[in-house]
Amino acid sequence: ALPIFIWGALVFSMCRPQWSDEPLGLKTTGRSMMLALDVSASMRGASLGSDIMMAVVRQTARRFIAARQGDRIGLLVFGSTAYVQSPLSFDLDAVAAMVDRSVIGLAGGGTAIGDAIGLAVSRLRAMRRDQRVLILLTDGANTDGVMNPDDAARLAQHHSVRVYTIGVGGEGVGVEGV
């Protein structure tokens, strides 16, 4: 029994993980960005030329993500409520894949812009002050949610989160005070 035990212990000790080469470093530029994507019902019916608006937004978001080598990016989706679809990550391919999986109605039919900004601020405030960025893609005004967009904008300013709002679709689209 002793030789079998010794043989088993020897085999077990040889099964440990080993590095075959030096680990590769990851070059970072230091920015932490949350991309907030409007998936409300209003994104369903609108169009930009011959393309459906959501398809154009997804394509634009994927291009933006692909160009952000070295940045940490996360994805929020919002409708009536806001959810983290992908946490802050250097894995840009995974974040882009989550953009493709973000469908209209996923977070409800309304548009809770204030909640999306508030959630992004809560995720970004742990990062260095000079690195915090929120990019908000939406087609309309706040119609739902708990937090007022103006209050959310003040919260973002207090926590040094730069907010860039990109309005897509019809005229008069955008968020005042952000």
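Is His159 buried or exposed? I began my reading of this predicted model with that residue. I found His159 to be buried, because its relative accessible area is 17% and the cut-off for burial is under 20%.

**Entry 1. The surroundings of His159**

I placed His159 in the loop between H6 and strand S7 (162-167). I then listed its contacts, leaving aside residues up to four places away in sequence, and found that His159 touches Val121, Arg125, Arg129 and Arg132. I also looked up the distance to Leu124, which lies 35 residues from His159 along the chain. The C-alpha atoms of His159 and Leu124 are separated by 8.6 Å.

Ser160 is not a glycine, yet I read a positive phi of about 55° for it. I classed Ser160 as partly exposed, because its relative accessible area is 28%.

**Entry 2. The chain as a whole**

I counted six helices and seven strands in the protein chain. From the N terminus on, I noted the order of elements as α-β-α-β-β-α-β-β-α-α-β-α-β. The chain has 178 residues, and buried residues make up 39% of them. For the accessible surface I recorded about 10,300 Å², with 56% belonging to carbon and sulfur atoms. Among contacts with a separation of 6 or more, residues 24 or more positions apart account for 79%.

**Entry 3. The sheet**

I traced an open sheet of five strands, with mixed pairing and the order S5-S4-S1-S6-S7. S5 and S7 stand at the edges with a single partner strand each, so one side of each is left without a neighbour in the sheet. I recorded an average twist of 15° from one strand to the next.

I then went through the pairs in turn. S4 and S5 run antiparallel and are joined by five bridges. They form a hairpin with three residues between them, and I noted Tyr83 in S5 as the bridge partner of Val77. S1 and S4 pair in the parallel sense over seven bridges, and Asp38 stands opposite Phe78 in S4. S1 and S6 are paired in the parallel sense over six bridges, with Ile135 in S6 as the bridge partner of Leu35. S6 and S7 likewise pair in the parallel sense, over six bridges.

I also looked for a helix over this part of the sheet. Helix H3 (residues 53-66) lies across S1, S4 and S6, and I read its direction as about 175° to S1.

**Entry 4. Strand S6 and Thr138**

How many residues of S6 are buried? I counted seven of the seven, so S6 is largely enclosed by the rest of the structure. In a regular strand the side chains alternate between the two faces of the sheet.

I followed Thr138, which belongs to strand S6 (residues 132-138). Thr138 counts as buried because its relative accessible area is 0%. Its bridge partner in S7 is Gly167. I also found a polar contact of 2.7 Å between the side chains of Thr138 and Asp38.

**Entry 5. Helix H5**

I checked the length of helix H5 (residues 113-124) against its residue count. At 1.5 Å a residue, its 12 residues should span 16 Å, and the end C-alpha atoms are 16 Å apart, which agrees.

Which elements do the buried residues of H5 pack against? I found strand S1 (32-38), strand S4 (72-78), strand S5 (82-89), S6 and helix H6 (149-158). H5 is mostly covered, with 10 of its 12 residues buried. I listed these buried residues as Ile113, Gly114, Asp115, Ala116, Ile117, Gly118, Leu119, Ala120, Val121 and Leu124. Val121 has a place in Entry 1 as well, being one of the residues that His159 touches.

Definitions and conventions
Residues are numbered from 1 along each chain as its sequence is written. This is a predicted model: local features need pLDDT of at least 70, side-chain atom pairs count only at pLDDT 80 or more; totals for chains, interfaces and linings use all residues. Side-chain values use heavy atoms; hydrogens and water are left out. Helices (H or I, at least four residues) and strands (E, at least two) are DSSP runs, numbered from the N terminus. Buried means under 20% relative accessible area, exposed over 50%, partly exposed in between (1.4 Å probe, protein chains only). Contact means heavy atoms within 4.5 Å. Accessible areas come from the Shrake-Rupley method with a 1.4 Å probe; for residues, only the protein chains shown count as cover. A polar contact is a pair of N or O atoms within 3.5 Å; within protein, one must be able to donate a hydrogen and the other to accept it, and residues adjacent in sequence count only if both atoms are side-chain atoms. The expected span of a helix is 1.5 Å times one less than its number of residues. Two strands pair if DSSP finds at least two bridges between them. Axes are lines fitted to C-alpha atoms, for helices over the stretch in contact, and angles run from 0 to 180 degrees between N-to-C directions.
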